[in-house]
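Hi,

Here is the structure I promised to pass on. Have a look first, and then read my notes below.

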2 protein chains.
Amino acid sequence: MPGVDCQSGFPCSGRMLTWNHESDGTGTDRSGHGRGDPRAVGGMNQEMASTTMPLDAELIAVVAAVTARMPRVLTLETGNSLPSGPFESAHRSLQAGVRSWVERQTHHPLGHIEQLYTFADRDRLESSGPRRVISVGYLALTLESRRDPEPGVGWWSWYRYFPWEDHRQGPPPVLGPILGALEGWATRASGAPGRRERRRRYRHAFGAGGLAWNEEWVLQRYELLYEAGLIAEAQRRSPGAEPGRDDPPTGEAMVQDHRRILATAITRLRAKIKYRPVVFELLPATFTYLELQQAVEAIAGLRLHKQNFRRLMVQQKLVEPTGAIEVRTGGRPARRYRFRREVLLEQAPGGARLPQARGRI
Amino acid sequence: MPGVDCQSGFPCSGRMLTWNHESDGTGTDRSGHGRGDPRAVGGMNQEMASTTMPLDAELIAVVAAVTARMPRVLTLETGNSLPSGPFESAHRSLQAGVRSWVERQTHHPLGHIEQLYTFADRDRLESSGPRRVISVGYLALTLESRRDPEPGVGWWSWYRYFPWEDHRQGPPPVLGPILGALEGWATRASGAPGRRERRRRYRHAFGAGGLAWNEEWVLQRYELLYEAGLIAEAQRRSPGAEPGRDDPPTGEAMVQDHRRILATAITRLRAKIKYRPVVFELLPATFTYLELQQAVEAIAGLRLHKQNFRRLMVQQKLVEPTGAIEVRTGGRPARRYRFRREVLLEQAPGGARLPQARGRI
DNA sequence: CCCACTTATGCTCACAATGAGCATTAAAGG
DNA sequence: CCTTTAATGCTCATTGTGAGCATAAGTGGG
């Protein structure tokens, strides 16, 4: 009776069967901005012209980079919108469309690209024209290039739009006022159960009241703030609502729901950086361990333990020394490394342990 | 000097920073069926009418269930296609569209739904009409219902389409011939490096030559077989190619690229089941540990270690006993459990440990 | 009633992975 | 030479996970 010999990364494992309980915000049944979203209402009692309907497809890209320890996003209109454009007939595929569109619009070559999410909610666009639009969001990782900055095109820190997300120096100052406002929102709920529920939700999302901060829940936090009416974009939609004078600052707004798409992208990247070697797409060819770590820290919005980070890099053999030494460190010189591209082809996928169960159990 | 107190699930962790090296096949820059995909060629030298183009949106659903220890998919046309239909103007959102379309088509209520992927490759459809189509794939989890089976509508085992994916009784018989054919394909490459590369790729994907089988790489394996010309759908596309008489059986074909979409869904579900409590969507309200385990095994196509699986359930407190006892076990009676829905709201997300770094490092 | 057989449950044990933090090395700047 | 700042090495306690032994509690036959 040999037993399973579990290399499956599974229950026999269990390492992998640690269920997260959290929605990733990109897949589950949420059509708008969460329950209270004004956009989720409306419709459903309108024309009901149940026929195929020609529509336009739009591509929206979140182009991310890291410079000077800051995660940045490529924007148009002086930071008010993400690069986007129509899906054209000349494009072989959606992916090709994003690439050509963004590169034409920004003169910026894209690196790694992945699809984020597709949506076509009826009330998405403010000026709903005659045609319905289906939007496909993409996340692209690159190096920030400084050359020919077109007018209006620029790189802005993520944290300009989500100031509560940067916990590298500990909880950011904005967090206090935000939690205060959320508590107010909870208090305004009708009924004790409603108040309790709102309180539970915001504490959970923001790690308040002794709960832990989960850096991955970017979208959830944004949606909660939106629901609580603390996001400028939400106030735009309900014209009656004025920004309360006591409302805390909740970051710069963007056109339409671009900021929500950015939140989706950050969520995705913060999750992905943990199980795929994507950081390297954001770094120059060679780097020191510290630079690598700081890139991860910038994205995650957290400080990391230096020695353990190093140990991890060593164990996984993701990088190899170039032989070069960086002397401008402020301390002992550091070795420079390069990403071992071969790992993309090699055997063991670090996290999810491999396969196969043999014999009877 | 307090230190980081790393609960971040991060590098200080490293638990989470074990990069996978693998593409998930749903996000990366692959527009067709991998490098050799005939669909990835074509186009790019055609009309180039670079303007906004009205197109039709189509929704395609992979509706999954588990019955009698088999993972099943809801199909139309006697197993030849997935439920699909146009995105209509009456639909509030894409998600709502899938729901109503599938339910109308199959009289089957859907449970959990998540978006899979959106594609609009030019050469996707065989009969490319005048209009371009953008397709949005969805994955839905439900319980199989037996009532009023419309003609042509039915549930088929996944493994009918991917017979090499079921490793619950050890490597399936088809695997041998398939590996043989892949070796032949590798041998037919021109040049030693080409042959070596093909060999490396198929061994990696299929866990041949001492390598481990990774149950998550469903899409990669399918694409490799497609590229090797071993998939019926691929042969349809290049009319010259006849199925070789020595070709191994590679499962039932489906219309268009529906089988590829199914592969994407299986890949996603096999991955997701490890870090989110989604299995419960596939189970009745109460169940025994064994039933739960068998559902996971059906999806993963692997056998699991019973005691450790149990330990996991206990540790994570995902289920609670109902008090009921199942006696028809063939052995000692088993307790029945129910999923603790509260866990969806509760604190700790099992896998990705929580956050926050305080103090200086 | 005892026995063989089957599945359910408990529990142990060794080993690998991970969180924290001490210690040492190697530059730069007075 | 001494202080400060990083880079690197390495230790140590804890927890997580792979395997498997052992016992419990039914069923179906002698």
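A definition to begin with: helices (H or I, at least four residues) and strands (E, at least two) are DSSP runs, numbered from the N terminus. This is a predicted model, in which local features need pLDDT of at least 70 and side-chain atom pairs count only at pLDDT 80 or more, while totals for chains, interfaces and linings use all residues. Residues are numbered from 1 along each chain as its sequence is written, chains are lettered from A and ligands numbered from 1 in the order in which they are written, and side-chain values use heavy atoms, with hydrogens and water left out.

First, chain A as a whole. Chain A has 9 helices and 9 strands. Of its 361 residues, 57% are buried, where buried means under 20% relative accessible area, exposed over 50%, and partly exposed in between (1.4 Å probe, protein chains only). If we take contact to mean heavy atoms within 4.5 Å, then among contacts in chain A between residues at least 6 apart in sequence, 65% join residues at least 24 apart.

How far can you trust it? The score here is pLDDT, the predictor's confidence in each residue, from 0 to 100. Chain A has a mean pLDDT of 79, with 74% of its residues at 70 or more. Among the elements of chain A, the highest mean belongs to helix 2 (residues 158–161) of chain A at 98, and the lowest to helix 6 of chain A at 82. Please be careful with two stretches of chain A: pLDDT stays under 50 over residues 1–18 and also over residues 347–361. Where pLDDT is low, the predicted coordinates should not be read in detail.

Now helix 5 (residues 218–227) of chain A, where 10 of 10 residues are buried. The cover over these buried residues includes helix 3 (175–187), helix 4 (192–206), helix 6 (232–237) and helix 7 (258–272) of chain A. Just after helix 5 of chain A, G229(A) takes a positive phi of about 75 degrees.

Strand 5 (residues 132–141) of chain A is mostly covered too, again with 10 of its 10 residues buried. R132(A), I134(A), V136(A), Y138(A) and A140(A) point one way from strand 5 of chain A, V133(A), S135(A), G137(A), L139(A) and L141(A) point the other way, and all are buried. Two strands count as paired if DSSP finds at least two bridges between them. Strand 5 of chain A pairs with strand 1 (residues 55–67) of chain A in the parallel sense over 10 bridges, with E58(A) opposite S135(A). Strand 5 of chain A also pairs with strand 4 (residues 113–119) of chain A, in the antiparallel sense over 6 bridges, and there E114(A) stands opposite L139(A).

Chain A also has an open sheet of 3 strands in the order 7-9-8, with antiparallel pairing. Strand 7 (286–287) and strand 8 (319–326) of chain A are at the edges with a single partner strand each, so one side of each has no neighbour in the sheet. Strand 7 of chain A is joined to strand 9 (residues 334–339) of chain A by 2 bridges, and F287(A) has Y337(A) as its bridge partner. In chain B, an open sheet of 3 strands has the order 7-9-8, with antiparallel pairing.

Q293(A) counts as buried because its relative accessibility is 4%. Beyond its neighbours within four places in sequence, Q293(A) is in contact with L304(A), H305(A), K306(A) and F309(A).

Cheers
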